[in-house]
Structures are given as structure tokens and as C-alpha cells.
Amino acid sequence: MGCAIKLLEAGHRNLVIYEKNKGVGGTWETNRYPGLTCDVPAIAYTYSFERSCEFSRQYPAWNEIRAYCQMVSDKYGLKEFIQFEKEISEATYSNDQWLVKTSDGASDTADIVIMATGVLRNLNYPDIEGLSSFEGTLIHTGRWDESLDLKGKRVGVIGTGATCTQLVPAIIDDVEQLVLFQRTAQWVAPFEGGNPMITEAQREHLRKHPEYLQKLADGMLDKIEKIVDGILIDTTGKTTQRIREQCDERLAEITDPVMRNQLTPDYEPGCKRLIWSETFYPAMQKDNAQLETNGIECIEANGIRTQNGDLHELDVIVLATGYKMHDYMRPMKIKGDQGQLLDDTWAQGEFAHRGIMIPGYPNLFMVMGPNSPLTNFSVIEVAEWQISYFLQLADLVLQGKAASVAPNPEAVQKFNDQLKERTPGTIWASGCNSYYLDQNGLPNVWPGSVASYRESMQSPDLNEYIIK
Ligand code: NA7
């Protein structure tokens, strides 16, 4: 939506937005699990050019974020350009054009293609023996069935990431029994300042004073930036210590020493994406909650068997097992300028130039591609920087000044070599298994400060690109 708005503002109306879902909002359209919220303050999770205060809390439920997306789509007239329930299956570059095909057999050509497909999209179904043999209800949090009634049910949850820590407190009082299958403990920090309500009087004030709303959003982003940079850059510094202390204080509130020990991670906070929750530990201490740390042996018709031989009999198994974060726009079949497949180009690991372009794939731009900053910062903000940067390149093509733009392989090599040099010192390489790491075990996120990425997205150095 951000790309489309900027293209329309620049007068480019020959635009089609292909959307796989029935509505706008991306991950906020497809995710519906109980407890779902955004862990970035909602006011800071809005476009800089369309700040909003129409939220009930600092961290509101998912449907308020979806409503914001719908409002933006309506306000900027995007629906006129969107083809809903159209999934792109192939994109092939030839003669300075992209031929895109949809899964229903239709096709179209485009001078430029922008892949704004997000990262929380392809569900990760765990490779657990017997997964399909379960006779109860098996559900992934990313495809929640809102008609599912958990009252009085015995529920097993697999996975202890951000999704689990939101889901468990939201369902614990409904279910008869909840067993949480934990493979790795997570650092859980409290929201600094809690999750205050935004009253109607406050909203009214912010509506009347957009400059104050902007200031508020800027202040929130600044605060998150300091936390993210603090943890990533100075892994032994004050911010890291403060977060560590806050996590430790919350852990100390767990009365059962065995559970406390089991929920204590054995790696540095921030190595996996930090989790914010006030309610997860209290939920896990309720009488009907059980933490299972024995590994899963297999799934059977009646439940989950752990490696010590125990069978947990269950009515529902919830897979809170996340996403395939390294798929990016795949399973689309993408062919570049020599007929090469993106799957082959990325066979040894996904890479890009500055997170937005791939050598050999001219006029193809990405939002949140490989090595984009993907930590606890606002993804909307990062996307805006990327859009403003790559539209400067796309403009050369759209204004007829160039037939194609692609990153220069030497510049890409230099850029990626520099990233690789910097990643060993980052928190993500400090010894944990996380989705920040690629198939080679190397962090696939921006290894510097938020400001350094923002600066790198100011304006392209044309020497880094082949312009035909
Ligand atoms: P995450 O953060 O990827 O968490 C997935 C969880 O599922 C994590 O605890 C995994 O354990 C666990 N997992 C995955 N596969 C298995 C198998 N096979 N067996 C047991 N446990 C497994 O996904 P979320 O949905 O929580 O969050 C995704 C993002 O959404 C989040 O970062 C925010 O940006 C919003 P592991 O830690 O790998 O041992």
C-alpha cells in the first residue's frame, strides 16, 4: 500500500496491485488467533504520512491495525487498483519487461515489479512424525478458525515465540488444560510503561493536533530505536543490562523453581527476537497450565508423545511454530535476465543489494528483502525508507530515462562482504538458533544501527547500479 500511494502521488496510475487475500492488511488480514496484538506501539506502526491515533490502547488487538490498513486503502483509493484473490505464480524478465502470471492462468506485463510480499506469510508446519495422524483439531496460529471453541478442551501448544506468548494468556481461562511444548525458552521482557489505554479525550486531542501526534510517534520510534540499537550494538551495555534485569525480575516472580529454571533461556537476550509480555508467565502459573520441556517424539491419534514416553492426550493441537522467514516472495517462480531461477540464485542463501534488489533481476524491487532490519523496530518505518529509495531507481524506468536498472554484481559483492564482516560481532551470532540465521547459520538481518540503515536508504549511489 505504501508503494502504491507513493506511485500514485508521482502520477503513475498504470498500476496493478495483486493481492492473494480477500482484503488488505497482509499479516493483519490473515492472522486472527486469540490475543494477537502488534508489539510495536500502534501509533508508531502507522505510515509517517498517515499517522493515526484511532486505537484503544498503546498495543491494541489485531483488528484495530487491520481497520487502520482498511482506512488507508479507502482514503487513498487503492481498491480501484487491487485485484483481490490473485496470486502471482510466475514472474519472468525478458526484453526489459516482466511477464507476470497468476495462479488462475491470467498474465500481464509490467515495466517494474515490486515484491511487497512480507515475511510472516509462509507457515512453518513442523516436521514432526505423525502430524497428520492426529484425530482432534490441528490448527496453525496463522490460519486460525474463529469459530473454534476451546472451552473445556485439552489444548497442546507447540512453540514458544511471540505468537505463543500472546495466545496462551488469551486462552488459558477457557481451556480445561493447556500443555505448552517448549523446545527453547525465550527471553520475555515487560512492556516498559505497560499497555495504557488511549482514551477518547486523548484521541480527540491528538486529532486536533496532528503535530503532537507526529511528535508522539517520533518519540516512540526513537525509544524503540534506542532499545534495538542498545541490544544489538552494545551487547554488554546499559540497555542490554536493563532488559536483562527486567527479564530476570519477571522470571523471579515464577514461584515454582523447576518451571522458573525451565523458562530461563541459556543464551543472550536479543539473540532471538525479544518478546514483550506481562501476561505470559502469570498464565503459565495457572493450575490448568503445564510446561513440557521433554522433546516431542511424535504426534499420535490422541495427542502428543514426548521422548520420555509420556502421552499427552489432547483435543486440540495449536501449532505456534511461526513462518518460513527465508522464503521471501517464493513459492513464486521468478526468472531473471538470463532465464535463471531465483531458487538457484539463492540456493546457497538469500542475498540482495541493500535489502531491495537482486543482481540479474532488473526492475524488480523488494520491500523487506534479505538483510533488511527485521528486529523489534517498526517494519512500516523501514518499508517507507526502502520505498523512497527504490522509487528513485524505478523512476528512471518509469520516466523513460532508462530501460532497466539492476544492481551491479561488484557492488553487491562488496556490500554483502561488508555485511558478513560485521555479523560475527552481533547479538544474533552470540549462540542461539533463530530465524535471523540463514541456512549457513549467518544472520540475515541488518548488522548495524537503525540509523545506519536509514542513512543508507537516503538516495541511491548510481555507481552501484547498471542502468541501461
Ligand atoms: P517464531 O518466533 O518463529 O517461533 C516459533 C516457535 O515454534 C519457536 O519457539 C520454535 O522453537 C518452535 N518450533 C518450530 N518448529 C518446532 C518443532 N518442530 N518442534 C518444536 N518447536 C518448534 O514464530 P512466532 O509465530 O511466535 O512469531 C513470529 C513473528 O511474529 C515474531 O517474531 C514477530 O515478528 C511476530 P525454537 O525456538 O526454534 O526452538
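How many bridges join strand 7 to strand 16? Four bridges do so, and the two strands run parallel. The model is predicted.

- Five strands make up an open sheet with parallel pairing, in the order 7-16-8-9-12.
- Strand 7 (137-140) and strand 12 (289-292) are the edges; each has a single partner strand, so one side of each lacks a neighbour in the sheet.
- Ignoring direction, neighbouring strands are turned against each other by 20 degrees on average.
- Strand 16 spans residues 316-319. Its Leu319 is the bridge partner of His140.
- Helix 4 (residues 162-171) packs on this sheet. The helix touches strand 8 (154-158), strand 9 (177-181) and strand 16. The direction of helix 4 makes about 170 degrees with that of strand 9.

**The ligand shell**

**Polar contacts and cover**

- Tyr435 places a side-chain N or O atom 2.3 Å from an oxygen atom of the ligand.
- For Thr184, a side-chain N or O atom lies 2.4 Å from a ligand oxygen atom.
- Ala320 takes part through its backbone: one of its polar backbone atoms is 3.4 Å from an oxygen atom of the ligand.
- On its own, the ligand has 770 Å² of accessible area, and the protein covers 83% of that.

Conventions. Residues are numbered from 1 along each chain as its sequence is written. This is a predicted model: local features need pLDDT of at least 70, side-chain atom pairs count only at pLDDT 80 or more; totals for chains, interfaces and linings use all residues. Side-chain values use heavy atoms; hydrogens and water are left out. A polar contact is a pair of N or O atoms within 3.5 Å; within protein, one must be able to donate a hydrogen and the other to accept it, and residues adjacent in sequence count only if both atoms are side-chain atoms. Accessible areas come from the Shrake-Rupley method with a 1.4 Å probe; for residues, only the protein chains shown count as cover. Two strands pair if DSSP finds at least two bridges between them. Axes are lines fitted to C-alpha atoms, for helices over the stretch in contact, and angles run from 0 to 180 degrees between N-to-C directions. Contact means heavy atoms within 4.5 Å.
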